[in-house]
Amino acid sequence: MDSALSDPHNGSAEAGGPTNSTTRPPSTPEGIALAYGSLLLMALLPIFFGALRSVRCARGKNASDMPETITSRDAARFPIIASCTLLGLYLFFKVYFPNKSYAGSVLKTWKTQKSKKGKTAVIQNPTTRDSHSFPSEIFSQEYINLLLSMYFFVLGILALSHTISPFMNKFFPASFPNRQYQLLFTQGSGENKEEIINYEFDTKDLVCLGLSSIVGVWYLLRKHWIANNLFGLAFSLNGVELLHLNNVSTGCILLGGLFIYDVFWVFGTNVMVTVAKSFEAPIKLVFPQDLLEKGLEANNFAMLGLGDVVIPGIFIALLLRFDISLKKNTHTYFYTSFAAYIFGLGLTIFIMHIFKHAQDNLFTS
């Protein structure tokens, strides 16, 4: 579902970051292998554990963990809605932000001064374009990315808290004072009362939320690639766990439609790449190719879009639930589809590395 970009020079700018005018030295073969292997592993983990958790989610009765079912109608409309959204974002960034320096210089091109009558007059720099200056001042790319950062900060800590909660419960002692809470919002009164939100949680969930908030603050302040990956893995695992396909044909419709969507927007245009590089959000898994040279401060990343993890993942999770419904000891459909995904992603990495071209899954920046 997400874009792919491969730079023959192993990248000249970090996605979502400031453009670097100097050419980076080529990454070593060991660094590239480590980056691609790590991305492959990070893609497999949320699919495998998300599929297992989707089984428990389907059997559970907790209203806060009820899965969202995707119907064939939803699957058919999704590529169309995604295309419209992607094109809208592309036009928004292209029209208002033709380059990053322009969006940041708007405040310098508009000046105010007091006239003799005490009124404020706005004087425009002659070199500024009339059609873009005022909207850019209101909707600068920095403000948009700040808004997105806050949005994903909230979503990220909730997703990460939900992800680590089952693991953290094993570390709490039996004497831990665990109290139950319920967040309930209703609408109307009497017989017309309707529940809007009914979320049950306990003290352990609050502890997990606090730990996740630390990661959220780290991401918000530093945009570090490790914090980005923690959020990305949490989003992916929650997506595979909570998004359920109702049958195999729906999965085929979804995968087929998104295949055409990916091929068109990645190979036919530069829309996907432009939007992906304009966003500062944990919508992708990243791993530095120069980690061996620069350590944790490395900045030459290989990336994998979350959509290319979640979309195949929900189909693989469907096959696992089908295997379990057959009540056999073997999970043939699950392991076969999981192996096919590994092969497909590995082939994508190989083709990207050989041809140095934007691929439908993986890209470097």
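Two strands are taken to pair if DSSP finds at least two bridges between them, and that term will be needed when the tour reaches the strands of this predicted model.

**The whole chain.** Of its 365 residues, 43% count as buried, and among the contacts with a separation of 6 or more, residues 24 or more positions apart account for 73%.

**Colouring by confidence.** Next, colour the chain by pLDDT, for which the mean is 80, with 76% of the residues reaching 70 or more. Among the elements of the chain, the lowest mean pLDDT, 37, belongs to helix H4 (residues 106-109), while the highest, 96, belongs to H8. Select residues 1-22, where the pLDDT is below 50 although the stretch has 79 contacts in the model beyond near neighbours in sequence, and then residues 359-365, where the pLDDT is also below 50 and the corresponding number of contacts is 59. Where pLDDT is low, the predicted coordinates should not be read in detail.

**Strands S7 and S8.** Now select strand S7 (residues 284-288) together with S8, which run antiparallel and are joined by 5 bridges. Within this pair, Leu285 has Leu304 of S8 as its bridge partner. Keep S8 (residues 301-305) selected, since this strand is mostly covered, with 5 of its 5 residues buried. In a regular strand the side chains alternate between the two faces of the sheet. Turning S8 in the viewer, one finds Phe301, Met303 and Gly305 pointing one way and Ala302 and Leu304 the other way, all of them buried.

**Helices H1 and H8.** Move on to helix H1 (residues 29-59) and helix H8 (residues 225-242), which pack at an angle of about 40 degrees with their axes 7 Å apart, in a crossing that is right-handed. To show the contact, select residues of H1 including Met42, Pro46, Phe49 and Arg53, and residues of H8 including Asn229, Leu233, Leu237 and Glu241. Taken together, the residues of this contact divide into 10 nonpolar, 4 polar and 2 charged.

**Leu233.** Finish at Leu233, which is found in helix H8. The C-alpha atoms of Leu233 and Pro46 are separated by 6.3 Å, although the two residues lie 187 residues apart along the chain.

Notes. Residues numbered from 1 in each chain as written. Heavy atoms only, no water. Axes fitted to C-alpha atoms, helices over the stretch in contact; angles between N-to-C directions. Helix = DSSP H or I, 4+ residues; strand = E, 2+ residues; numbered from the N terminus. Left-handed = near helix turned anticlockwise from the far one by under 90°. Contact = heavy atoms within 4.5 Å. Nonpolar A, V, L, I, M, F, W, Y, C, P; charged D, E, K, R; others polar. pLDDT = per-residue confidence, 0-100. Buried < 20%, exposed > 50% of the residue type's maximum accessible area, 1.4 Å probe, protein only.
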